[in-house]
Amino acid sequence: MTTSPRRYHITTFGCQMNKADSERMAGILENMGFEWSEDPNDASLILYNTCTIRDNAEQKVYSYLGRQAKRKQEQPDLTLIVAGCVAQQEGEQLLRRVPELDLVMGPQHANRLEDLLQQVFDGNQVVATEEVHIMEDITKPRRDSKVTAWVNVIYGCNERCTYCVVPNVRGVEQSRTPEAIRAEMEELGRQGYKEVTLLGQNIDAYGRDLPGATAEGRHQHTLTDLLYYVHDVPGIERLRFATSHPRYFTERLIRACAELPKVCELFHIPFQSGDNDILKAMSRGYTQEKYRRIIDTIRRYMPDAAISADAIVGFPGETEEQFQNTLRLVEDIRFDLLNTAAYSPRPGTPAALWENQLSEEVKSDRLQRLNHLVNVKAAQASQRYFGRIEEVLVEDQNPKDPTQVMGRTRGNRLTFFTGDINELKGKIVPVKITQVRPFSLTGEALSVACC
Ligand code: SF4
């Protein structure tokens with residue numbers, strides 16, 4: 001090892017779980033004396049935290065990695081790491097493909113980064129992809145924002161959706177205890193954070209692997225119980241959670257969200273397809289009717305709740321008529337945001353082996369048609385904010401206009417308004433909305449007296 005402080009760079013692909021893991025690994029590296037480098041080419045340790053959900057993210061990793069592997073040939077003390085889902089899935093294969101790599105580590109090993117690096121510095125090439133029981137986090141994550149933070153509440157997933165690699169790469173469900181979650185949130189509150197998003201791949205499964213039942217025989221540790229338990233953490237003004245699964249979403253949870261003032265009226269509930277036969281082929285475990293009922297119940301309790309979701313088009317065997325059922329659902333529900341994707345077969349998943357795959361042309365045509373409808377519907381949904389006063393939690397300066405700050409409404413709309421970031425960062429400001437776009441808003445601050 002060199003004596004001057006070594007610099008590190010992390011590139012993160014994929015979901016919020018990966019972003020939270022990256023923040024934790026950055027915290028570990030900083031504890032070890034590493035300093036952040038914005039430019040990967042100035043760093044002597046480079047970590048790619050990867051994602052296998054989308055094919056293009058996987059391709060990008062290989063192209064970035066190729067460039068750094070070349071650099072390593074001239075600079076042998078460069079440490080190259082691949083973490084995350086590609087690492088878990090490819091394991092030793094990755095070393096064969098890129099022999100310059102020092103460490104390949106699956107997502108369950110994020111907390112062990114220091115140990116694993118020690119083995120690398122001792123001269124080993126290390127692959128860590130075996131199943132482990134996730135240990136409680138002992139290092140504070142380096143958080144990218146000083147205002148909002150993610151807190152993992154459950155790792156892994158026990159579902160077996162036929163298109164998804166997550167159960168293979170992130171292992172079985174492991175919930176953290178409510179006490180550990182609350183302690184992390186209290187620390188965040190002391191550090192001045194204002195918003196926490198509780199994270200889990202299937203967050204509605206929270207607690208079912210923890211022991212305990214109530215006198216009525218109900219399980220004691222559910223997401224709903226957790227929300228009540230952490231709701232009064234001092235300093236934390238807003239609570240969000242993701243990702244929800246329609247199969248387990250309960251009315252009790254909806255009631256808790258309506259009742260607890262800090263829980264934001266935003267629900268991210270992927271539906272994936274609006275057709276019951278496709279949902280069955282995906283092994284999702286609910287029907288489109290059930291999904292509609294959940295949304296109706298949310299709107300009964302919170303008429304203005306923001307609803308977002310994920311959808312996949314071009315699943316193997318999807319007919320034009322079945323695709324139309326997805327369009328119909330999007331037409332009817334008025335989503336505030338919909339993440340759309342054309343199905344792409346992921347290695348090691350059942351659907352990847354089926355013979356009824358659709359052509360790329362059909363998939364991309366359906367994706368375009370769905371995206372067009374999503375934009376139209378999101379623009380309509382945005383109209384309801386015009387002229388309203390929304391509470392915006394200020395996170396940063398507008399990178400395109402330094403006279404403006406930006407933040408999010410309770411419904412998670414990105415909102416811009418004129419103001420000084422030094423004065424407003426971390427404050428909740430009432431903003432009168434004067435311009436609406438499909439996915440963002442502009443307004444004028446009324447005052448900053450509310451906190
Ligand atoms: S619920 Fe399904 S889609 Fe979500 S992580 Fe688990 S297996 Fe994957």
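**Burial and overall shape**

I looked up burial first: 54% of the 451 residues of the chain count as buried, where buried means under 20% relative accessible area, exposed over 50% and partly exposed in between, with a 1.4 Å probe and protein chains only. The model is predicted, so local features need pLDDT of at least 70 and side-chain atom pairs count only at pLDDT 80 or more, while totals for chains, interfaces and linings use all residues. Residues are numbered from 1 along each chain as its sequence is written, and side-chain values use heavy atoms, with hydrogens and water left out.

I then looked up the secondary structure and found 14 helices and 18 strands; these are DSSP runs numbered from the N terminus, helices being H or I of at least four residues and strands E of at least two. The radius of gyration is 23 Å, close to the 22 Å of the globule rule for 451 residues, so the chain is as compact as a globular protein of that length. That radius is taken over C-alpha atoms, and the rule is 2.2 Å times the number of residues to the power 0.38.

**Cores**

I looked up the nonpolar cores, which are sets of buried Ala, Val, Leu, Ile, Met, Phe, Trp, Tyr and Cys residues joined through side-chain atoms within 4.5 Å. The largest has 52 residues, and Leu198, Phe241, Phe267 and Ile298 touch the most other members. Helix α12 (residues 320-333) gives the most to this core, with 5 residues. Apart from it lies another core of 20 residues, including Ile10 and Met105.

**Helix α9**

I checked helix α9 (residues 251-259), where Leu253, Ile254, Ala256 and Cys257 are buried. Seen down the axis of α9, its buried residues fall within an arc of 160 degrees, so they line one face of the helix; the arc is that of the directions from the helix axis to the C-beta atoms. Their cover includes α8 (223-230) and β10 (238-242).

Cys15 is in the loop between β1 (7-12) and α1 (16-31) and, at 32% relative accessibility, counts as partly exposed. Cys85 is in helix α3 (residues 84-90) and counts as buried at 7%. Among the residues that Cys85 touches is Cys51, contact meaning heavy atoms within 4.5 Å.

Definitions and conventions: Lists of a residue's contacts leave out its neighbours within four places in sequence.
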